[in-house]
Amino acid sequence: MKTLDPLDGIAAFLTVSTHLSFTKAAEELGMGRATVGAQVRQLEDRLGIRLFQRSTRKIALTEAGAAYREALSGILPQIREAERAAISFQKEAVGRLRVSAPPDLGQLVIVPAVSEFLKLNPAVSIELDLSHRPVNLVEDGFDLAIRGRLEVDINLITRQLATSSIVISASPAYIAEHGAPMTPHDLAQHACLHFAELRWGRIWPFSRHGEEFRIPIVPRLELNHSLGLRDAAVLGLGIVLLPDFIVGEDLRQGRLVRLLPDWDISTIQLQAVYPANRHIAVKVRRFVSFLAGKLQR
């Protein structure tokens, strides 16, 4: 048996009672006159009372109808205000945006971008969760996640934000004391600093002229925090393999020196992932576009 919605017909009733006209009510509601009449009749049947006295020339509220209208006073404006509030999320950037991102990218790129985005969008607030833990966007209540390339569910939308090269580097002090490796195989004689979250495990991949090499390493230091690992490399503790977005500024400032420049390693595809929906909130679309612009500069 179909469960009756207590709101069925109320908007039609209130609008008819305001104009005392089914025709004018239909025009205001954007419905056919017959539809408005049917909704009112269904409401009357559900309540078991007559709400209007009808004649060929006019309609009027019954005593029960007048009492019902009085009890409902103010509900229609509240409903319309609720609708306007909901619709506003599709017309402008408003509300809380929950974002999941890895700590390194979050600290170096996303936090500065968030600061600028919030200044440009004062009606938005952001909750940023910086963690490597996998999240279920829908179950965990996130609007989007920023990650490296992932296999994602078909119910998620993936947008590529940028590509970052992975580079191998060490500090000038380390190179002065231990020398620089000439080939990937030389890494066996060096102190290697390993990022524990690296998807290849303790194997560093290299390629040159179409030939691939997978070099197993024994880390002198292994961390699950890439910024800490970068700092250890800057301090001269060893050779590190990290994305350009983490070590790029250190390379430009000379705190680190790129090694094995003739060898290719890999790239990371930075992606925004969010639930597939015909009605993507403006705050999500705008933030993803803003972040893509920042990362692609």
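In the predicted model, R208 has E211 as its bridge partner in strand β9. Strand β8 (residues 203-208) and strand β9 (residues 211-216) run antiparallel and are joined by six bridges; strands are DSSP runs of E with at least two residues, helices are runs of H or I with at least four, and both are numbered from the N terminus. Two strands pair if DSSP finds at least two bridges between them. The two strands form a hairpin with two residues between them, and H209 in the turn has a positive phi of about 55°.

Residues are numbered from 1 along each chain as its sequence is written. Local features need pLDDT of at least 70 and side-chain atom pairs count only at pLDDT 80 or more, while totals for chains, interfaces and linings use all residues, and side-chain values use heavy atoms, with hydrogens and water left out.

Helix α10 (residues 244-253) contains D250. The relative accessible area of D250 is 5%, and D250 is therefore buried (under 20%, with a 1.4 Å probe and protein chains only). Residues up to four places away in sequence aside, D250 touches R230, V234, R255 and L256 (heavy atoms within 4.5 Å).

Helix α10 also supplies seven residues, the largest share, to the lining of the second largest pocket. At least two lining residues come from each of α6 (103-120), β6 (156-170), α10 and α11 (282-295). By class, the lining has seven nonpolar, four polar and seven charged residues; Ala, Val, Leu, Ile, Met, Phe, Trp, Tyr, Cys and Pro count as nonpolar, Asp, Glu, Lys and Arg as charged, and the others, Gly among them, as polar.

Conventions: Buried < 20%, exposed > 50% of the residue type's maximum accessible area, 1.4 Å probe, protein only.
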